[in-house]
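Colleague: I have the coordinates open. Please walk me through them, one point at a time.

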Amino acid sequence: MNNLGEKIYKLRKAKGLSQENLAGLIGVSRQTIYKWESDYIMPSKEKLDCICKIFNVDMVYFYDDLALTLCNKETENNNKIKSKFGLYLVLTIIMGVILLCSIAIAVVIGFTVFSKITGDLIEKPLNIDIYGYLILLLFILLTIAVFLIMLINTIKNRKVN
């Protein structure tokens with residue numbers, strides 16, 4: 001079975017038209033005809049109607065190729081969605097690890113800061129004041145927000161598949 005580009009090429013050759021002549025009849029550039037015949041791009045419905053009129057063929061002549069092309073494009077789109085889901089999943093896992101690490105650091109620093117404030121005995125206290133601890137907590141909240149957003153996007157992309 002010939003594909004759409006081959007069919008256009010064969011019709012053009014059978015009628016003795018050059019790419020430039022056909023382009024002039026349809027109202028496109030010669031490069032567009034080349035791209036159609038090479039299957040780089042697909043003609044619009046209006047341009048395909050013009051091709052059918054010029055070569056005196058019915059649109060049915062091209063239907064199998066149009067259905068196959070649309071099916072291939074749908075498969076490509078599904079593959080893009082799947083790869084996007086994988087990316088979101090990896091980024092969500094990374095953000096989860098960052099979140100857990102920051103919470104662990106906050107807990108350790110928190111014990112140190114509050115032990116220092118209450119006067120409990122610590123051998124080597126960290127030199128962090130309460131503001132540093134608050135900044136760390138803000139970082140954790142920001143990390144949680146980003147993590148939740150990425151988790152929601154991951155779930156949305158999973159539902160598309």
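Colleague: Which residues in α4 do L4, I8, L11, R12 and K15 in α1 meet?
Modeller: Contact means heavy atoms within 4.5 Å. Helices are DSSP runs (H or I, at least four residues), strands are E runs of at least two, and both are numbered from the N terminus. On the α4 side, the partners are L48, I51, I54 and F55.

Colleague: Before we go on, what are the ground rules of the model?
Modeller: It is a predicted model, where local features need pLDDT of at least 70, side-chain atom pairs count only at pLDDT 80 or more, and totals for chains, interfaces and linings use all residues. Numbering starts from 1 along each chain as its sequence is written, and side-chain values use heavy atoms, with hydrogens and water left out.

Colleague: At what angle do the axes of α1 and α4 cross?
Modeller: Two packed helices are described by the angle between their axes and the distance between the axes. Axes are lines fitted to C-alpha atoms, for helices over the stretch in contact, and angles run from 0 to 180 degrees between N-to-C directions. Helix α1 covers residues 4-15 and helix α4 residues 45-55; their axes come within 11 Å and cross at roughly 35°.

Colleague: Is that crossing left-handed or right-handed?
Modeller: A crossing is left-handed if the near helix is turned anticlockwise from the far one by less than a right angle, and right-handed if clockwise. The way α1 passes α4 is left-handed.

Colleague: How many helices and strands does the chain have?
Modeller: From the N terminus on, the order is α-α-α-α-α-α. The count is six helices and zero strands.

Colleague: What share of the 161 residues is buried?
Modeller: Buried means under 20% relative accessible area, exposed over 50%, partly exposed in between (1.4 Å probe, protein chains only). The chain exposes about 11,100 Å², with 64% of it supplied by carbon and sulfur atoms. The buried share is 27%.

Colleague: Which residue forms a salt bridge with E37?
Modeller: A salt bridge is a side-chain nitrogen of Lys or Arg within 4 Å of a carboxyl oxygen of Asp or Glu. The whole structure holds two. For E37, the closest N and O atoms are 2.6 Å apart, and the partner is R12.

Colleague: How many residues apart are E37 and R12?
Modeller: Both are buried. E37 sits in helix α3 (residues 30-37) and R12 in helix α1, so the pair links distant parts of the chain, 25 residues apart.

Colleague: And the other pair: is K45 buried or exposed?
Modeller: K45 bridges to D49 at 3.3 Å, N to O. Both lie in helix α4, four residues apart, about one turn of the helix. D49 is partly exposed because its relative accessibility is 27%. K45, at 56%, is therefore exposed.

Colleague: Which residues does Q19 touch, beyond four places away in sequence?
Modeller: Q19 is in helix α2 (residues 19-26). Its relative accessible area is 15%, so Q19 is buried. The residues touched are R12, R30, I33, Y34 and E37.

Colleague: How far apart in space are I54 and L11, C-alpha to C-alpha?
Modeller: I54 is in helix α4. With a relative accessible area of 17%, I54 is therefore buried. Among the residues I54 touches are L17, L22 and I26. I54 and L11 are 43 residues apart in sequence, and in space 9.5 Å.

Colleague: What phi does D39 have?
Modeller: Most residues other than glycine have a negative phi, and most peptide bonds are trans. D39 lies in the loop between α3 and α4. At 34% relative accessibility, D39 counts as partly exposed. D39 is not a glycine, yet its phi is positive, about 60°.

Colleague: Where is N56?
Modeller: N56 also has a positive phi, about 55°, and is not a glycine. Its relative accessible area is 70%, so N56 is exposed. Its place is the loop between α4 and α5 (60-118).

How values were computed:
Areas by Shrake-Rupley, 256 points an atom, 1.4 Å probe, with all protein chains shown as cover.
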